Amino acid sequence: MKRNRRISAVAVLALAALVTGTGAGFAATTTPSATPVATHAFDTAPATATAPTRSFQGTLPAPTGPYAAGEDVIHLTDASRPDPWVPSSGPRQLTVTMVYPAVPGTGTPAPYMTLAEAAGVIQRQKLPASSGVTPQNLSSVTTHAFDGARPQRGKYPLVVLSPAYENPRMTLTSLATDLASHGYVVALVGHTHEDNGETLANGQTPSCAICDDPALDFDSVAASRALDVSFVIDQLTHGNTAWRLAHLIDKHEIGMAGHSLGGAAAAATMIVDPRVRAGVNMDGSFHPAPMPGQINRPFLMLGTAANHPAGGHDTTWEQAWAALGGYKKWLTVTDADHFSFSDLDLLHQEAGFPTPPLSPERGVVITREYVTAFFDQTLKGIHSPLLDGPSRNNPEVLFQH
């Protein structure tokens, strides 16, 4: 079994662990196994008839920059391209969360996800009522983003975010809101039919069409995501028809970051779309690793010390490092796990489940600080000493090269 198929299965279990409380699911998130894992944490869960009902209330950390985070959800349809996973559904439809620098004190609190998206998570993981998780409390995780908030004046670099395979776009909300607070417009792309569900313009929330395919070609998924992202960039940089606030975007300064398969998608997008000037891969294998000459722009590789040390078992990182021709950094984080770079470990902790040795709060802080520093340096031209070498304030972060 390929390591990335294991990681994708682990991704399902991580979200299951968030909302089930079963030990088996979370154990799989901390140390990926060489053998297949259960599709649902509940497959091995004990009977819950007598278990007390758990109450879940999630809160993401507030953004750290001078601006508030405004939020809009937009729906885009690529009429030139059929859906790659369900062609019978018609043209490719995408849901994108736009997060932008906003004036503090304006707008209304934005939900974490729609009720239908939350219900999709609960249904796929077969959660009983005793889990304490409902569509209402899962969708109402505090995000510190505000619907309809008044935008700040000016133009800002655009950063596109792509989530892990089988994880919905909102699992990168902590990073998105912080980037917006530091002066970036962020596009969180939901890749339809690749996770528990993204609510589309017609109100439907289709489930994952490819998650249970054991022969899935991840190179193809990354390439498909690159087409998604290029289309989103097209729509956001040609007038204001796709998004009412598109005038905020500096179309000459565009970056992309992704978690897990989303990180592979960042590299795949940079190979085919020169508008993306800087990229970040957060703990994902490359699908495939870039060849010399394909990416001569800045790239940050940020991963777990367990999975991605120099000379480690993921040879795609060594291949990518040798091929990257621009400014580049390879950093690893001690005691992190695969989900330290998303919202999931923090939500696991708030739900009362085990977490990795690196505290979830530190995972969020490190991810925010280094990704923001990288884009500050590569898109805004602001030098960040944080990227020069080891930091006394961040002893967990190791510079591999």
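**Helix α6 and the sheet it crosses**

In this predicted model, helix α6 lies across β1 (68-82), β2 (91-102), β5 (156-162), β6 (185-190), β7 (249-259) and β8 (276-282), and runs at about 115° to β1. The helix itself takes in residues 218-236, 19 residues in total. From first C-alpha to last, α6 reaches 27 Å, close to the 27 Å expected at 1.5 Å a residue.

Next up is the partner helix. Two packed helices are described by the angle between their axes and the distance between the axes. For α6 and helix α7 (residues 261-272), the axes come within 8 Å and cross at roughly 65°, and the crossing is right-handed. On the α6 side, the contact is made by Phe218, Val221, Ala222, Arg225, Ala226, Val229 and Ser230. Helix α7 brings Leu261, Gly262, Ala264, Ala265, Ala268, Thr269 and Val272 to the contact. Sorted by kind, the residues of this contact come out as 10 nonpolar, 3 polar and 1 charged. As for spacing, an α-helix has 3.6 residues a turn, so residues three or four places apart point the same way.

Now for the sheet. It is an open one, built from 11 strands with mixed pairing, in the order β3-β4-β1-β2-β6-β5-β7-β8-β9-β10-β11. At the edges sit β3 (108-109) and β11 (397-399), each of which pairs on one side only. Further along the order, β9 (residues 299-304) and β10 (residues 328-333) pair in the parallel sense over 6 bridges, and Met301 stands opposite Trp330 in β10. A further helix, α8 (residues 315-323), lies across β8, β9 and β10, and its direction makes an angle of about 155° with β10.

Two spots in the loops have backbone geometry worth a look. In the loop between β8 and β9 lies Pro288, which is joined to His287 by a cis peptide bond with omega of about -15°. The other spot is Glu166, in the loop between β5 and α5 (173-181). Glu166 has a positive phi of about 75°, although it is not a glycine.

Key
Residues numbered from 1 in each chain as written. Predicted model: local features only at pLDDT ≥ 70, side-chain atom pairs only at ≥ 80, totals over all residues. Heavy atoms only, no water. Helix = DSSP H or I, 4+ residues; strand = E, 2+ residues; numbered from the N terminus. Expected span 1.5 Å × (residues − 1). Axes fitted to C-alpha atoms, helices over the stretch in contact; angles between N-to-C directions. Left-handed = near helix turned anticlockwise from the far one by under 90°. Contact = heavy atoms within 4.5 Å. Nonpolar A, V, L, I, M, F, W, Y, C, P; charged D, E, K, R; others polar. Pairing = 2+ DSSP bridges.
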